[in-house]
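Have the sequence and the model open while you read.

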Amino acid sequence: MMDTIAVRGIRAYGKHGANPGERDYMQPFDIEIELGVDLQSARASDVLSETIDYAALRDTIVAMVRDHSYRLLERLGDEILGVVMADARIATAAITIGKPQLLAGATPSVRLHATRA
């Protein structure tokens, strides 16, 4: 059985969107990520290097949102999942990206999944 690491409530700012003008200015994106990881070693050792560093994971996601620009949340999420899945310890990953300022009174979001082959 796989253990889960989740980081919720990540607020990142970037220039992403398909509508005219959306990529002209920074806007907020709300992100959640869940990772399926075997944490048996970390559970026994109590050593940070045996698990996923939450702060480094958050920093990577924030930098990717800030430093790249895509039309679709699907593409942004896929790029983030690609970087996250480069860590061989991660068996599965799911990311949800919401765009809270796009629709008045509603937050559209996408949820993407990746699984190690």
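Glu34 pairs up with Arg111 in a salt bridge, with the closest N and O atoms 3.6 Å apart; the term means a side-chain nitrogen of Lys or Arg within 4 Å of a carboxyl oxygen of Asp or Glu. This pair links distant parts of the chain, since Glu34 is in strand β2 and Arg111 is in strand β4, 77 residues apart. (Strands are DSSP runs of E with at least two residues, helices are runs of H or I with at least four, and both are numbered from the N terminus.)

A quick note on the source: this is a predicted model, where local features need pLDDT of at least 70 and side-chain atom pairs count only at pLDDT 80 or more, while totals for chains, interfaces and linings use all residues. Residues are numbered from 1 along each chain as its sequence is written, and side-chain values use heavy atoms, leaving out hydrogens and water.

Back to Glu34: it also forms a salt bridge with Arg8. Arg8 lies in strand β1 and Glu34 in strand β2, so this pair ties together parts that are 26 residues apart in sequence. Put together, Arg8, Glu34 and Arg111 are linked in a network of salt bridges. How many salt bridges are there by this rule? The count comes to 9, and here are some of them:

| Salt bridge | Closest N to O distance |
|---|---|
| Arg8 and Glu34 | 3.2 Å |
| Glu34 and Arg111 | 3.6 Å |

(Buried means under 20% relative accessible area, exposed over 50%, and partly exposed in between, using a 1.4 Å probe and protein chains only.) Asp87 is partly exposed at 24%, and Arg89 at 37%.

Now for the nonpolar side. In soluble globular proteins, nonpolar side chains tend to be buried together. Here the largest nonpolar core has 29 residues, and Leu35, Ile80 and Ile97 have the most contacts inside it. Such a core is a set of buried Ala, Val, Leu, Ile, Met, Phe, Trp, Tyr and Cys residues joined through side-chain atoms within 4.5 Å. The elements that each supply at least two of its residues include β1 (3-14), β2 (27-37) and β4 (109-115). Which residues does Ile80 touch, not counting residues up to four places away in sequence? They are Ile61, Met64, Val65, Ile95 and Ile97, where contact means heavy atoms within 4.5 Å.
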